[in-house]
Amino acid sequence: QLYSSSLDGTIKLWDFTDGILIKTFTVGCKLLALYALDSFEDSVFVIIPKSGERDSFQLVSVKLTKAAGQEIEAKELSVILDGVDKSPKYTAFGREGEYVASVKELELQVYFFKRKQINRFSLSATNTKGGNNRFTCVACHPREDCIATGHRDGKIRLWRNFYHNKEYTFSTLHWHHDIVMDLAFSVEGTSLLSGGIESVLVQWHNGSDCKKDFLPRLGSAIECISVSSDGTSYCTSHTDNRITIISSNLRFSRSIQGLIKARDVKTGLVVDPRTKALVLNGEPGHLQFYCLQTDKQLYSLDIVQQEYIHQEGLNQLDLVKVAFSAQGKWLATVEEREDDTDLELQLKLWIYDEETQSFKLNTRINMPHEDHITAMCFRDADEMEDDSAMLVTASKDCLFKAWVIVEDTDPEAQQSVSWSCDFVGSYHNYQATNCCFSEDGSLLAVSFEETVTVWDSFTWDLKCTFCHPPGKIRNICFGRLTCSKYLIGATDHGFLCCWNLLSCALEWSAQLNVLVLQPDPLSEHIAAVSCISKDSSLFVFKPNEPRPICIQRNLCKEKIQFAVFVPRDIPETTGAEKHLWLRRSQIFFLTNTQELLTLSTKSPEERLTPSSKQLAVEESLPVTPFSLLLGKHRHQKSPEDVDLGKVVVHSHHNQDSPAVKELLHTPAHVLPSASFLCPIFINSLLTSKENKSAEEVADEVEMESKDSEDDSDEERNIVEIEQDDQRPVDFWGETTCKLSKSEEKELRKIRKMDYSWISSF
């Protein structure tokens, strides 16, 4: 079984193998860490905020009562330690629960449960060699009186004889060059595991500085280390949202990876046209292709192709821009590295290889611009003809450049085509900040600070310019489909503008601080994300209609950095008019904390439909041998139920009863007691008083037949209807009520009366 705690103030007990919630204990305050020990069967330990004091926390014991029911109050708390850190890594229990150790800043405090005594040990802020002695984590030996602490300078201290305040000793282990992120002892305590920002798992044997093993290149900094109860496996969690399973001999076993949390997302959110995967920064120097449907990484593409050194302060090549051509045949990436004096830039063009099902480097261009590249886009054209392919880059060097495919005349070249610069444009020596093509690729819009310029992409004639001072242009995009004659722009002074390309005039403008402007590739809709008093809000509109069709205020508390529309495989059927803009595409957002959000038109229950369908199929199958046997017995009995000598009323309960379902389908080891289930099960088999038994119906038929022949015929008809189905009939949500015996007799009397005299009137 598994205990879990939450900030909602509850502790839940789970049967984790079947995913069944057994009990919920309500504590009533935020739970920041949870510890469950074998030696304390009826209690768990949690870290909670100290009431009345800000940023102060305490370790308390919570008594879990064994009362019946699923919702139980757990209000019996006992304070163990005051002034602890809220992180679970700063508190640990040792020697089978004989003591608990907690570290914070420069102090180690140890509480002994039997003696009910607290010993405190302090360190100076720095040592003689300038090291930082602040504690970062703690672990306790499972068998011996030994406490291991990690520190900011990369040192590990092993504390012994801490039963005495003054006679304690410690030894030092040192390999990590920076902060020790976490520590864990093996099950028997023969080895100590440590991890840090070097992404290397270190195994120390018998507390010796000389005997240690390493498992390097785990991808990113190690945040937490855990050891399985049987000692055969280790588990590490990392800062990039990855979990790694490692065997006890330090052999890599497997990795559990969803969306990689990058050091910094500079590429924005881009969709791969081939796989519909979300593409953005992943591991350092890599692009991750993330599948939104399965929450798995399809693959990672190494762009920089250099070993990354995990050390703060180093200037290393960084992936900053990415763009796909319309059909996904070409991929363009930009890498940069900047120090105090020099800037290093690389523009790479990759072609999709059908054989390897991946991208292969085609062209590398060193220093395509003299300053940072601010924007990059492909022209949406027929990719079957390489002559029409074009890439445009805009830069702070006041230039934009158009790159096209040319035939490679070098006989020793490995590929037949490569990319070369075809045109260089500028406007009054202003910095180029954004660029985008129109839907048909005939026009190119490039923003130069406060001015938007529109160019013919075939002749490179400057067609027109738009300006809306004050403020520089932050985002631009063309309208699509029926709104292709409009150009949308947002300024950093809080204005959203729409220009008409046919009249070369401002169509409308709105005062809105737009941070993200994203058009839907399959419709006329454009999404604008604004930030108002720290809350992000969403506005969806069509360029030909200045009034938004959807406003979603307070979308999230974090700042939204990027947004993208992802085409759906099958258009969504939605009846609400306000959700029609999400019919063909789904929008995703990435916040500054790298949380991926989306909008859904369905309720949580509807979003879980695939799972419920699967459960329904599983429930329709005989789950246990008893259920299988019972099903066969009912199937064999059904033909024998037909008896011509009397009226038989069938019961329609069988396996539709919740009690029967719970009894037959729930695993035996999590079932409630038999005394609890028995009354529910028996009651489910009893027939309601409103539904007459077979004998009662037969008696009624016999009694009514003595009155008159006509009455007997009518009664038989009624009995036949009841024999077919004793349940109320549902029709369009309405239920027909059954008449009582006296009401039926009254109805027959009314039916016999002669109302022909009314016809004379």
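Q: Is Phe400 buried or exposed?

A: Let's start with the scale: buried means under 20% relative accessible area, exposed over 50%, and partly exposed in between (1.4 Å probe, protein chains only). Phe400 has 0% relative accessibility, so Phe400 counts as buried. Please keep in mind that this is a predicted model, where local features need pLDDT of at least 70, side-chain atom pairs count only at pLDDT 80 or more, and totals for chains, interfaces and linings use all residues. Residues are numbered from 1 along each chain as its sequence is written, and side-chain values use heavy atoms, with hydrogens and water left out.

Q: How many aromatic pairs are there?

A: A pair of aromatic rings is described by the distance of the centres and the angle of the planes. Rings of Phe, Tyr and Trp (its six-membered ring) pair if their centres lie within 6.5 Å; planes under 30 degrees apart count as stacked, over 60 as edge-to-face and the rest as tilted. That rule gives 36 aromatic pairs. One of them joins Phe112 and Tyr163: with centres 4.6 Å apart and planes at 25°, the pair is stacked.

Q: What is the pair of Phe400 and Trp460 like?

A: This pair is tilted, at 6.2 Å centre to centre and 50° between the planes. Trp460 is buried too, at 11% relative accessibility.

Q: Which residues form a cluster through ring pairs?

A: Ring pairs link Phe400, Phe423, Tyr427, Tyr430, Phe448, Trp455 and Trp460.
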